[in-house]
Amino acid sequence: MGLLAGFDSLLPAYARGQLDNTNAFHTVRNGADIYDLTVARTPLKIGGTVSEQPITINGTLPAPLVRLKQGREAILRVTNTLPEATSIHWHGLILPYQMDGVPGVSFPGIMPGETFEYRFPVEQHGTYWYHSHSGLQEQLGHYGPIIIDPAEPESVAYDREYVVVLSDWTFDSPEDVFRNLKVAEGYYNYNQRTVSDFFKDVETMGWDAAWSKAGMWGRMRMSPRDILDVTASEYTYLMNGSPSASNWTGLFRPGEKIRLRFINASAMTFFDVRVPGRPWWLPARNRVWMTLV
């Protein structure tokens, strides 16, 4: 199945806390940003467990950072080495429909062994991401960040920036996870309410209020504890491709203004992003500028 490597050695530079703008797969020629991207399966070690199923781009998970410039043309040559078709959706970008979307709808998809050239003008700037629109490949690691630098200088100055890609990972087949949800939507919810919970409500709210509350959820056919369809009982949560125990770190010097570009590249999960003890939505006070995607 190929040479197994330590997971950290297969991280792109930005995922190792190094926002390196040099990229061996990127060239600029005749006013165009040109990237060569190869989609493949690469065995990886994630949180101490080896998985044979990850889908990588240029051998990394998450995929490499694609950095473009507003006003230029983007040329992205994607080669598919998988045994099945693949695709890339450029999430949030304004571009011709033939250069995006679901295979068989707006373009034919990239067949095994083929190279497809995405070509479009870059009309906006900001933080975006890209991912597969073929099957459940996105859940297997087929995703990466996009930064588009503005044609004019940034309106807010900062000393350095970090890209933080948040995602969820399953060691099971995504098709099996999907099937389990089709069989029972609460398959991964191990915190369902019980009769004991109802009587606790009676003690604190009174019988009428507790009965009314239970009836409301019953009529909606929902559980108040149904927050996520797939929970941490199934998922390992990743930050820049590393589980929490790896303690991803972005270094900076005291007094520097840091731009953090957060991207939710998960298949199923909402993330609550905070810096403990710091109301960081006040950039002038705490010198942190955050972009959420």
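Analyst: Let's start with burial: buried means under 20% relative accessible area, exposed over 50%, and partly exposed in between, using a 1.4 Å probe and protein chains only. One caveat: this is a predicted model, so local features need pLDDT of at least 70 and side-chain atom pairs count only at pLDDT 80 or more, while totals for chains, interfaces and linings use all residues. Residues are numbered from 1 along each chain as its sequence is written, and side-chain values use heavy atoms, with hydrogens and water left out.

User: Why is W90 called buried?

Analyst: W90 has a relative accessible area of 1%, and the cut-off is under 20%, so W90 counts as buried. F120 is also at 1% relative accessibility, so F120 is buried too. Over the protein chain, 44% of the 293 residues count as buried.

User: What makes the rings of W90 and Y118 an edge-to-face pair?

Analyst: Rings of Phe, Tyr and Trp (its six-membered ring) pair if their centres lie within 6.5 Å; planes under 30 degrees apart are stacked, over 60 edge-to-face, and the rest tilted. For W90 and Y118 the centres are 5.3 Å apart and the planes at 80°, so the pair is edge-to-face. W90 sits in strand 8 (residues 89-91) and Y118 in strand 9 (residues 115-121), so the pair ties together parts 28 residues apart in sequence. Strands here are DSSP runs of E, at least two residues, and helices are runs of H or I, at least four, numbered from the N terminus.

User: What is meant by a nonpolar core, and which residues touch the most other members of the largest one?

Analyst: A nonpolar core is a set of buried Ala, Val, Leu, Ile, Met, Phe, Trp, Tyr and Cys residues joined through side-chain atoms within 4.5 Å. The largest has 44 residues, and W90, Y118, F120 and I146 touch the most other members. Strand 11 (residues 143-149) gives the most to this core, with 4 residues. Apart from it lies another core of 7 residues, among them Y162, V164, L166 and I258. In soluble globular proteins, nonpolar side chains tend to be buried together.

User: How do you know that T127 is buried, and what does its side chain contact?

Analyst: T127, in strand 10 (residues 126-131), has a relative accessible area of 6%. That falls under the 20% cut-off, so T127 is buried. Its side chain makes a polar contact with the side chain of R261 at 2.6 Å; the term needs a pair of N or O atoms within 3.5 Å, and within protein one must be able to donate a hydrogen and the other to accept it, with residues adjacent in sequence counting only if both atoms are side-chain atoms.

User: Why is S244 called exposed?

Analyst: S244 has a relative accessible area of 70%, and exposed means over 50%, so S244 is exposed. S244 lies in the loop between strand 14 (242-243) and strand 15 (258-264).
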